[in-house]
Amino acid sequence: MSEVAKVIESWAQATRENRGEDILANHSPDLVIFDVLSPMKYESAQEYRASWDEWQPETAGESQFDIENLEITEGDDVAFAHSFIRCGGTLPNGDTFEDLVRATFCLRKVHGAWKIIHQHISRPIEMGQD
């Protein structure tokens, strides 16, 4: 597994386990995140971290947060990757949920370590049918 893939999988594992302090361990402090939920843009790791409890669903046990079809293009000091993320879980009341989103990551090598400098999570809008 490449170092870039390890960074992305580490983020996914921390998210699955709801380890708030580890989720952004490999993100640059001044990153930009476009997320599927409001607000659409976060301009720092601190801003994103502050919103975590507002939208992270409480689940009974570990959540599903699986990286699928990860494709990585890597240079000497910059890389980008895209994938799907299958997320879901069981709510405390027993109801289950599952969603599929798309993700793009831009990384820069800083002092020999890959850091995520941009992250974009989205899903298509379902347009009404006539």
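Student: Is C87 buried or exposed?
Tutor: This is a predicted model, in which local features need pLDDT of at least 70 and side-chain atom pairs count only at pLDDT 80 or more, while totals for chains, interfaces and linings use all residues. Residues are numbered from 1 along each chain as its sequence is written, and side-chain values use heavy atoms, with hydrogens and water left out. Buried means under 20% relative accessible area, exposed over 50%, and partly exposed in between, with a 1.4 Å probe and protein chains only. C87 has a relative accessible area of 16%, so C87 is buried.

Student: How many disulfides does a search of the whole structure find?
Tutor: C106 counts as partly exposed at 25% relative accessibility, and its sulfur is too far from that of C87 for a bond. For the whole structure, the number of disulfides found is zero.

Student: What is the strand order of the open sheet?
Tutor: Helices (H or I, at least four residues) and strands (E, at least two) are DSSP runs, numbered from the N terminus. Two strands pair if DSSP finds at least two bridges between them. The sheet has six strands with mixed pairing, in the order β2-β1-β6-β5-β4-β3.

Student: Which strands stand at the edges?
Tutor: An edge strand here has a single partner strand, so one side of it is left without a neighbour in the sheet. That applies to β2 (41–42) and β3 (64–74).

Student: In which sense do β1 and β6 pair?
Tutor: Strands of a sheet pair through backbone hydrogen bonds, either parallel or antiparallel. β1 covers residues 27–34 and β6 covers residues 113–122. F34 stands opposite H120 in β6. Over four bridges, the sense of the pairing is parallel.

Student: What angle does the direction of helix α1 make with that of β3?
Tutor: Helix α1 (residues 3–16) packs on the sheet and touches β1, β3, β4 (78–90), β5 (96–110) and β6, where contact means heavy atoms within 4.5 Å. Axes are lines fitted to C-alpha atoms, for helices over the stretch in contact, and angles run from 0 to 180 degrees between N-to-C directions. For α1 and β3 the angle is about 165°.

Student: How many aromatic pairs are found, and which one links α1 to β5?
Tutor: Rings of Phe, Tyr and Trp (its six-membered ring) pair if their centres lie within 6.5 Å; planes under 30 degrees apart count as stacked, over 60 as edge-to-face and the rest as tilted. The search finds three aromatic pairs.

Terms used:
A disulfide is a pair of cysteine sulfur atoms within 2.5 Å.
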